[in-house]
Amino acid sequence: MTDIRAVVLAAGKGTRMNSEEPKCAHYIIDKTMIEYVIDSLNGAKITDIITVVGYKREVIQSILKDRCRYVVQDEQLGTAHAVLMAEPLLKDKEGITLIAIGDMPFVSKTTYSNLIAAHIQENADLTILTTEHPNPYGYGRIIRNENDEILEIVEEKDCTKAQRSIQEINASVYAVDNKKLFAAIKEIKSNNNQKEYYLTDIVKIFKEKGYKVFGYKASDYKEISGINDKIQLAEMEEELRKKIVRKHLLNGVTIHHPDTVTIGVDVKIASGAIIRENTLIVYNSVIGKNCKIGPFTEIKNSTIGDGASIKCSYIKNSTIDKNAKIGPFVFINNNVKEQ
């Protein structure tokens with residue numbers, strides 16, 4: 001069985017976020033960006049994860065704790081340089097390294113799994129995650145030849161007019177033979193305006209060496225969207241909020257005024273529950289059958305028994321027994337028995 005490890009790039013400050021927090025530490029509903037990435041990698045059965053940290057690294061480490069190993073990129077010298085920081089932990093390893101980005105929180109476990117499967121099935125040395133994007137501006141374009149083979153990745157600023165019309169973009173996520181990865185990275189030059197070492201240059205190096213480069217195309221371009229500023233953060237959060245609400249509606253949960261309801265991605269709600277307007281349910285909360293939750297209610301990391309009714313109240317870290325009636329205007333942060 002092939003050994004698979006992941007390197008997650010999370011060292012950047014994210015200047016355009018206009019925040020003292022590292023970019024990957026920003027929340028989307030109830031989890032930070034980096035937690036979504038680690039969760040998806042774990043869901044793809046990748047457990048050996050190395051996270052590259054840099055700016056305010058203690059913040060990222062306090063979030064992830066022992067869920068991964070860490071290496072430090074003290075100077076922000078580009079994506080290839082960031083991956084190179086993991087070499088001391090990986091240089092002698094056989095197998096596949098998956099390179100993921102800490103500010104792309106919505107790449108699903110299925111996409112990571114499919115990328116790995118395609119890499120193995122094609123017997124590739126490097127597999128690039130790509131997608132057809134309706135608005136490819138700003139992304140690196142995938143350049144293919146007449147045989148549909150990938151030749152290179154060209155960044156937006158370097159594209160010709162014809163290349164700018166290409167809609168297949170680089171997602172900056174890769175599956176790569178581990179030993180060939182680090183040998184190739186050392187050949188990357190920083191002869192660009194930013195004086196940085198770009199991981200995209202690895203494509204040309206692999207091609208020159210006669211290694212097989214393959215592209216796996218993700219079906220949902222929205223998974224691939226990165227987050228660079230607070231506007232994109234808000235837009236992505238709203239996209240996820242709607243997706244989660246829709247899932248629960250389809251599963252038989254009644255949600256009144258759904259535009260005012262926020263539910264965390266890990267929340268479980270039984271069919272038959274009713275969620276009223278202006279309600280927040282987050283973290284690992286579980287809502288039982290036929291519960292009536294809201295309006296104006298917050299439930300955090302709590303379990304609500306079947307048939308319970310909670311309105312205009314705040315419940316945190318608590319277990320509410322079935323058929324309990326809570327509220328209005330109740331604050332609970334412990335265990336509560338049936339009322």
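Reader: Are E156 and R141 buried or exposed?

Author: Both E156 and R141 are buried. Buried means under 20% relative accessible area, exposed means over 50%, and partly exposed lies in between (1.4 Å probe, protein chains only).

A word on the model before we go on. It is predicted, so local features need pLDDT of at least 70 and side-chain atom pairs count only at pLDDT 80 or more, while totals for chains, interfaces and linings use all residues. Residues are numbered from 1 along each chain as its sequence is written, and side-chain values use heavy atoms, with hydrogens and water left out.

Now the pair itself. E156 forms a salt bridge with R141, and their closest N and O atoms are 2.6 Å apart. A salt bridge here is a side-chain nitrogen of Lys or Arg within 4 Å of a carboxyl oxygen of Asp or Glu. The pair links distant parts of the chain, 15 residues apart. E156 sits in the loop between β9 (150-154) and α6 (161-164). R141 belongs to strand β8 (residues 141-144). Strands and helices are DSSP runs numbered from the N terminus: helices are H or I with at least four residues, strands are E with at least two.

Let us set this pair beside others. The whole structure holds 25 salt bridges. One of them joins D74 and R57, with closest N and O atoms 3.6 Å apart. D74 lies in the loop between β5 (69-72) and α3 (79-84) and R57 in helix α2, so this pair ties together parts that are 17 residues apart in sequence. D74 is exposed, at 63% relative accessible area. R57 is partly exposed, at 34%.

K222 and E239 also meet through their side chains, in a salt bridge of 3.2 Å from N to O. K222 is in the loop between β11 (213-218) and α9 (230-250), and E239 is in helix α9, 17 residues away. K222 counts as partly exposed, at 39% relative accessibility. E239 is partly exposed too, at 42%. There is also a network: salt bridges link D3, R5, D48 and R69.

Next, a buried lysine. K23 has a relative accessible area of 11%, so K23 counts as buried. K23 is found in the loop between β1 (4-10) and β2 (27-28). A polar atom of the K23 side chain lies 3.1 Å from the backbone oxygen of I227. Leave aside neighbours within four places in sequence, and K23 is in contact with several residues, including G12, D103 and N228. Contact means heavy atoms within 4.5 Å.

Now helix α2 again. E58 is in that helix, residues 57-64. E58 is partly exposed, at 48% relative accessibility.

Last, the cysteines. A disulfide is a covalent bond between the sulfur atoms of two cysteines. The cut-off used is a pair of cysteine sulfur atoms within 2.5 Å. A search of the whole structure finds zero disulfides. For C24, the nearest cysteine sulfur is that of C68, 12 Å away. C68 is likewise in no disulfide. C24 is buried, at 4% relative accessibility. C68 is buried as well, with a relative accessible area of 11%.

How values were computed: A polar contact is a pair of N or O atoms within 3.5 Å; within protein, one must be able to donate a hydrogen and the other to accept it, and residues adjacent in sequence count only if both atoms are side-chain atoms.
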